[in-house]
Amino acid sequence: MFRKTVLISIFILLSSFVFSQPGKNSITINKSAISVADLLKEVTIQSGLYFSYNPNIIDLNQKISFQIKNASLNETMELLSKKIPVEYSIIEGQIVLNQRKEVQNTELIETKYYTLSGFINDMTTGESLIGACIALNDRSRGTFTNDFGYYSLNLPEGKYRLQFSYLGFLSELEDIEVDRDEKMDIALKSIPQKLPEIIIEMPVSVNLRNIQPGNIELRQSEINNMPEFGGSSDLIKGLQARPGVKTHSDGSAFYYVRGGEKDQNLIIIDDAPIYNPAHLFGFYSLIIPDFTKSVKLYNSDIPVNLGDRLSSVLDIRTRDGNLKKYELNGATSFIMNRISLEGPIVRDKSSFFTSLRLSNFRWLYKNYTPNLNLSFGDFSFKWNYKFNDRNRFFFTAINGRDLLANFDNALGSAGIQWNNFAMTLRWNHIFNPKLFSNTILYTGNYQYQLSYAKDIWHSGIGNLSLKSDFTWYNSASLTTRFGMELHGYFFNPGKILQGSLSSLFPVIKQDYSRHSVLYLNGNYRFDDKWLLNSGARLSVWSNLGPATYYKFDEVHNFSEEINTGTGVYHRYLRVDPRLSLSFDIDSTSVLKSSYGLYHQFINLISNSTSPFSSFEVWLPSSPNIRPQTAHQMSIGYIKSFQKSKLEISAEAFYKLMYNQIDYEPHPHTLLNSLIEGELRFGKMKSFGIELTAKKEYGKLNGWITYTFSRALRQTPEVNYGNEYPAFHDRPHNLSAMLNYSFSRRSQFSVYYTVYTGSAFSSPTGFFTFNDITVPVYSEKNNDRLPVYKRMDIAFKFILNKNPDNRLEHNLTFSVYNVLANKNIVDVNFNKTIDQNNAPVVKADLLAHQDLIASQYMLVRFFPSLTYEFKFR
């Protein structure tokens, strides 16, 4: 009886589900002459489903004869597709109509293909638009511009209507007849501020093909909308709010991606590397958002033409400068000033962009520490020149410096300073419409200096590189990318430049290395559903002499000194295959998976978890340090909801890393010629799932992300060989960013994040030796800091009433950590005694004074007010 009741219940539920679905009703229409528009309305009334179509591909006024009785929706649509040239599909409760593809007899007619190519630019400034979409109006085929605004689209001979679109710009429709190779440059007009209700979006079905799950693209508007810290929006802070990216702590520009260490992230600006992006120990970063045009973080399926890091590549492309007219813009706050100037050198042919930023917070401390000098600044410059239609040249230079110094009449000056410098000289050349080349000569240099009286300790790293990259648009379904790189590196692990201490420490020589790379990648679309992307990167790492290196025995004791001659004395050869596959489930959803093998040949030696430490040494892979290796697999799903303009994504990843550097207890990493003997090597694994929902348009927009992930290390000679959580292992991370526009002139933003506290080692007991209390540690990273919680808010008000004014200016009031949460960044165990020899924290004075925990936090509540202007 029970089984029978259950079966009847299931049957009733299934029946109600089937018969209650829209579109299941029978359809009856008997019209000898009905317009297509009225016919579609009648089908909607009888089926309950609405139509979605491009009115340019259907003649809605066409009269047709249409008779059908008690038919299903599919039968009705099949008849309609015979009456007019359309194809249909049912997606998300909508009937989507597309233009029918006419099938030709290929045995009798040989299809001729031609190439449509050109550049897409901003009509107002002449800036090239990266990632602009070019698609047929029926959305059956399309492509995107590359990093320099160039596109190449192979089309069969015929007549087409093309749509050119870019987020934040008005789309352009062009009717063309393809009967030869043709160059077509397009200028798109940005949406005026006075028309905020206009929403311009790229075709969803084409746009989803260009999205990689896990890979993150940051727009300048998104960065500027985030609440500011101390009067300046920050690219790195914006990046740290995204899934898979974990910040170090308050006041740090370091970040961790998918379980990797901080040195496993490569930052490039116009291809030149930045080795330390921090200003003011990390409260600010070197990259000015106004100088950026495109920001992409690759954390899975990293392109073969980009870098040698295990975890991520942050690829930043800078603005070229206004080719039409001059613009002056800047910002000022209580602690920072910035000014930028851009404009044409030769109108529509050559332009420049330059920016200067200086700190301004001496007034905060001068009355308390008049001898202190704490400051930072940076300078950015970009120049470009269009030689002709086939050749264009670019030059980029960035320089940043930081200084913390204190002057004492007796000892002289003491402090630290560091400098970042990057420079790129680039040549773009178009051989023909299908072959685009990009040749770059670039350098990156980071120098750090610690001084005390007359003693100066100095370390650094730098490179000089040449790269030639080619993109070959073979056909409508295949695009090939290939190229070569040649890098020369120098490493200064640290040495005393001058002073009395120079005779007390060994002389540590600089290391020199050469890195040669060849790469090849193919992007092949099988059909409308499947896309395969595969390639490989061949790397040859060579250590160059003359040099001195050391051998160590099985217990890491020094055993032999080796002196090499000129030339290569050690070499590593590695091949990194990359593979990704995507499947278009329908026009609004995509499933993608990827696998990649990655190697890293330069290593950051740092045993500190402090957000302020710059006492870091870079070392190359060598006979004692094998290249770091990572295998990463990921699978992701993206879904776009057209009605609500909402996009959701989910991605799971698993990463296994080898030759991961760890340290013996209390390692000596500074001024140590035998530093490689202090290193221990193990493996690391990370895995997790990242969930994102975002809405990019409308008065209310923003995103919310949640990440569950683990990062676990295992080194045979550390923690008794047992697995332990890495410092940045934070299983749960939730972030949300919301913007609300009250009107064209006012906007409110709020950012909230909460995540698991970082892992650290706390003592499990104490013992007394010679009247000194000593902590006892058992397991590494056996404890966690408290949960981190922070909310930031910002209110932006545009001062000019008329958006067409030559002067645009606004005020932004923001508060960092508006709820004043106590976010702990460090815990120390010590015995704190005041001037009366009494413990600051009360204890039992009759017993031993045990070590007590001191917790340190940085920023509880930090308001700022910023004035920004633009004059054109």
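Is Asp469 buried or exposed, and at what relative accessibility? Let's work through this and a few related exercises on the predicted model.

**Exercise 1. Classify Asp469 and describe its salt bridge with Arg481.**

Solution. 
- Step 1: Asp469 has 3% relative accessibility, so it counts as buried, the cut-off being under 20%.
- Step 2: Now place them in the chain: Asp469 belongs to strand β30 (residues 455–472) and Arg481 to strand β31 (residues 478–498), twelve residues apart.

**Exercise 2. Find what the salt bridge between Glu690 and Arg258 ties together.**

Solution. 
- Step 1: Check the contact; the closest N and O atoms of Glu690 and Arg258 are 3.0 Å apart.
- Step 2: Locate both ends. Glu690 sits in strand β42 (residues 679–695), while Arg258 is in the loop between β16 (255–257) and β17 (265–269), so the bridge ties together parts 432 residues apart in sequence.

**Exercise 3. Describe the pair Arg319 and Glu342.**

Solution. 
- Step 1: Their side chains form a salt bridge of 2.6 Å, N to O.
- Step 2: Arg319 lies in the loop between β22 (312–318) and β23 (327–332), and Glu342 in strand β24 (residues 336–346), 23 residues apart.
- Step 3: Arg319 and Glu342 are both buried.

**Exercise 4. How many salt bridges does the structure hold, and which residues are linked in a network?**

Solution. 
- Step 1: The structure holds 40 salt bridges.
- Step 2: The network links Asp147, Asp271, Asp308, Asp315, Arg317, Arg426, Lys467, Glu485 and Arg537.

Conventions
Residues numbered from 1 in each chain as written. Predicted model: local features only at pLDDT ≥ 70, side-chain atom pairs only at ≥ 80, totals over all residues. Heavy atoms only, no water. Salt bridge = Lys/Arg side-chain N within 4 Å of Asp/Glu carboxyl O. Helix = DSSP H or I, 4+ residues; strand = E, 2+ residues; numbered from the N terminus. Buried < 20%, exposed > 50% of the residue type's maximum accessible area, 1.4 Å probe, protein only.
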